[in-house]
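Hi,

Here is the structure I promised to pass on. Have a look, and my notes follow below.

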Amino acid sequence: MAFNFSFGEATSSGTNSSSKPETGIFLAATSSNTKSAHKPEKVTKTQFSPLDLSPLLANQWRNMVWSEEVKETLMESVRSFKPASENVTEARILLIGPVGAGKSSFISSVQSVFSGRVINRAMVGSSSSTSFTKKLRSFNIRGAGEKADEPTALVLCDVMGVGEGESTGLTLHDALSVIKGHAPEGHQFSPEQPIGADTVGYVRKPNIKDKVHCVVFVVDGSKVGSYAKSFGTTFQQLRDHISNLGVHQVALLTHVDQVCKATGSDITQVYKSQTIQQAMVKTGALLGMATSYIVPVKNYCSELDLDENTDILLLKAVDHILQYVNLYFQDNGE
C-alpha cells in the first residue's frame, strides 16, 4: 500500500493503471484562480481573505483565561506529564500536514516556550510547495537553565510534508509505517523508496515506545478555504487507517494571526473572532473531524521575543494533545 497524498490532480500511481483512485490520489493545492469563474456573491463565508475584518463577538466562543498564572499552571502540567503506561517514559506525537502549514514551526515554538526565548530547533523552510523537512526527526521538549537536563515526556515528531507533486509528498504507506513504529529515526523519505524490510534501520517488531501515541493534523488557517476537495478526501482516508490502529487524532489551526486582523494585533481575541470560528468549522469539514478536537495556535515566525498570550495558546494546544495521548494508553490497555 503505497498511497501518495501529495497535492496535484487525482491520478494513479503509475504502478497499476486499473487501481482505484484512492490508491493514488495526489492532493492539488489549487490556486485561487481556479475559482475565478465564480461570481463574487457565490463565495461562501468560510472562504475568507487574510486579515479578515469581520466584527468580534461580545463573548468568547470557548472559555479562555489569559494570565501569567494560567501560563505557569500549563507549563507545570506539561513538565509533570507522565504517560499512563508503565512501559513508556515518553509520549510520541506525530505532526502531519501540507507543506508550509507550520509543523516544524509549532515544534520550535513549543520548545521556545520552555527555553524562555525564541529558538528554531526544528529547521523551517520558506517554500510553500516543497517540503524542507525530508527526514523523520524526533524532538524531546526540554527546559532551560538548570532544567535543561530534565526533559519533559513530550516528544514531537516531524516528517516530510504533503507536497504539490507526485514525487514531493509523504506517502500514506510511509506515514502509517512511522505511526506503527517501523521507521528508524533519521529516515530520509522518498516516494520512490517506501519504508520496508530492506530499509536501513527498519524496526521489524516495534514495541509501544517505538509507536506514535497521537497524530496531530496541522492545517494553515489562511489556506483552509482554498484546499482542493481531493485533499480532504485523502486526509479522511488517512484518518480511517490511523483510527484502525487505535491512535487518536487532533488538529492545529495555524497562522490565525494572518486570518483575522483583530487576532493578528491581539491574540487574546482569537476566541471572539467569527473568522477564526468559521475557519475551525472549515477545518473540521476538511478533516472529517469535530471542532472540539481542533485548537488554534500562533507560531513564532518573525518574532525575537516571547509573548505571554502566544505562549498560553501554544501550551493549551499541547495540553489538549496530551489528553488524547493518555486516551491511547487507556484504550490499548498498555
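R142 counts as partly exposed, because its relative accessibility is 34% and the class runs between buried (under 20% relative accessible area) and exposed (over 50%), with a 1.4 Å probe and protein chains only. You'll find R142 in the loop between β2 and β3. Its C-alpha atom is separated by 9.5 Å from that of S112, 30 residues apart along the chain.

Before you read on: this is a predicted model, where local features need pLDDT of at least 70, side-chain atom pairs count only at pLDDT 80 or more, and totals for chains, interfaces and linings use all residues. Residues are numbered from 1 along each chain as its sequence is written, and side-chain values use heavy atoms, leaving out hydrogens and water.

Now the sheet. Six strands make an open, mixed sheet, ordered β2-β3-β1-β4-β5-β6. The edges are β2 (137–140) and β6 (294–296), each with a single partner strand, so one side of each has no neighbour in the sheet. Strands here are DSSP runs of E, at least two residues, and helices are runs of H or I, at least four, numbered from the N terminus; two strands pair if DSSP finds at least two bridges between them. β1 (residues 91–96) and β3 (residues 154–158) run parallel, joined by five bridges, with I93 opposite L156 in β3.

And the cysteines? There are zero disulfides in the structure, a disulfide being a pair of cysteine sulfur atoms within 2.5 Å. C214 is buried at 0% relative accessibility, whereas C301 is exposed at 52%.

Cheers
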